[in-house]
Amino acid sequence: MGNELERYDPNMRPNERTDSAVRWYSPLKQPFHIAGFAWFKQERIYRRLPTLPPGSIPNAVNRLAEHTAGGQIRFQSDSSSLSVRVKLKGKADMTHMPATGQCGVDCYVGLPDTMPLQFANSTKYDRTLTEYECALYTGWKRSMRSIVLNMPLYQGVEEIWVGLDDDAVVSTPPRYASDKKVIIYGTSITQGGCASRPGMAYTNILSRRIPLEFLNLGFSGNGKGEPEVAEVVSRIEDPACLIVDYEGNCVSTELFHKTLPEFIRIYRAAHPVTPILIPSRIRYAREELTPHLYEMRMERKLFEQALVRELREQGDLNVYFFDGSKSLGGADFFECTVDGSHPTDLGFLRMADALEPVLKTLL
């Protein structure tokens, strides 16, 4: 695919290429809008943290920042067909997460300038490849639609092109309710492991229900609350709220006692009144069979509750605790994960259902 792009007419405007009846657009250009990358306006790349962050962040976090979890391509068009060409930074290589979620793109459509959107399709491709082309729909009635493409959850994207009818109208997407952003910092669960497709990560589900930009700062195995990362997160402008959900990667309860208050302190220095939500983690599927998992989770949950209570008593009335232990549902909660820890699509849907009313209240 990469070589094919080089053979297009060099006199074509740089934001579009034609291929028979299809015109290929770069979403880096207007009227497309890229969401989910806080530093996109400055750097123009699909990356979740700045290329040169202030201070030194862990190498693993820097690498995972290349993964495009939460990235979205937003626009409106009356095209009867829609395709994507994707050049990945690496191959699909996970054993417990489908390639459609790790490296795929999925598509949601709706009426112009409205919410919510409805799922249309996801890319299917040879998982051994790092470049693919896939039609998301063809032969639809020509009608103006609002369109969101959700980008891969567990891989980087070097290039992505959007293919539309050669004569299609393309226009800007609906405006958000404001310029403020919902920031979610956390673990592999936040990043989207192990959704079957990108739109089923709980941050993306919430973005379809709340008309604000969502920033997914989940780092698989490496959301550990480091102060250097807190400094970077605190530099994101116009926060609507911050969700701090890294309990699952906290290394130890003792270290969690040190990192969580410091993470909040650093963020508060930059954003004194921005709402901060601290959810406890979802339940492990095997808690009844392995009681130490339950005991560990409860110990950390009690600490989070006590910390929030202490901060509020000290005058910070914009910090909140959310009990995540019921997010996966009641008696059948253990049916909601792939491996006892990482949610399936059902688990992510239930997590979004639980968080939605809380977020709407805060926002």
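Thr68 comes out at 0% relative accessibility, so this residue counts as buried (buried means under 20% relative accessible area, exposed over 50% and partly exposed in between, with a 1.4 Å probe and protein chains only). You're looking at a predicted model, where local features need pLDDT of at least 70, side-chain atom pairs count only at pLDDT 80 or more, and totals for chains, interfaces and linings use all residues. Residues are numbered from 1 along each chain as its sequence is written, and side-chain values use heavy atoms, with hydrogens and water left out.

**Around Thr68**

- Thr68 sits in the loop between helix H3 (59-64) and strand S4 (72-77); helices (H or I, at least four residues) and strands (E, at least two) are DSSP runs, numbered from the N terminus.
- Skip the neighbours within four places in sequence, and Thr68 is in contact (heavy atoms within 4.5 Å) with Phe37, Tyr46, Met151, Pro152, Gln155 and Val157.

**Aromatic pairs**

- Searching the whole structure turns up 15 aromatic pairs. Rings of Phe, Tyr and Trp (its six-membered ring) pair if their centres lie within 6.5 Å; planes under 30 degrees apart count as stacked, over 60 as edge-to-face and the rest as tilted.
- Tyr185 and Phe219 make a tilted pair, because their ring centres are 6.4 Å apart and their planes are at 55°.
- Tyr185 belongs to strand S12 (residues 181-186) and Phe219 to the loop between strand S13 (213-218) and helix H7 (227-233), so this pair ties together parts 34 residues apart in sequence.
- Both partners are buried, with Tyr185 at 0% relative accessibility and Phe219 at 1%.
- Tyr202 and Phe348 are stacked, because their ring centres are 6.3 Å apart and their planes are at 25°.
- Here Tyr202 comes from helix H6 (residues 202-207) and Phe348 from helix H10 (residues 345-362), so the pair links parts that are 146 residues apart in sequence.
- Tyr202 is buried at 1% relative accessibility, and Phe348 is buried at 0%.
- One aromatic cluster is made up of Tyr185, Phe219, Tyr246, Phe256, Phe263 and Phe303.

**Charges over rings**

- Arg85 puts its charged end over the ring of Trp24, 4.2 Å from the centre; the rule wants NZ of Lys or CZ of Arg within 6 Å of the ring centre and within 35 degrees of the ring normal.
- Phe333 has Arg283 over its face, at 3.7 Å from the ring centre.

- H8 (residues 253-270) has 18 residues and reaches 26 Å from first C-alpha to last, close to the 26 Å expected at 1.5 Å a residue (the expected span is 1.5 Å times one less than the number of residues).
- Buried residues in H8 are Thr253, Phe256, Thr259, Leu260, Phe263, Ile264, Ile266, Tyr267 and Arg268.
- The buried residues of H8 pack against S12, H7, strand S14 (239-245), strand S15 (276-279), helix H9 (291-313) and strand S16 (319-322).
- H9 has 23 residues that should span 33 Å, and its end C-alpha atoms are 33 Å apart, which agrees.
- In H9 the buried set is Leu293, Arg297, Arg300, Lys301, Phe303, Glu304, Leu307, Val308 and Leu311, and the buried residues of H9 pack against H8, S15 and S16.
- Just after H9, Gly315 has a positive phi of about 115°.
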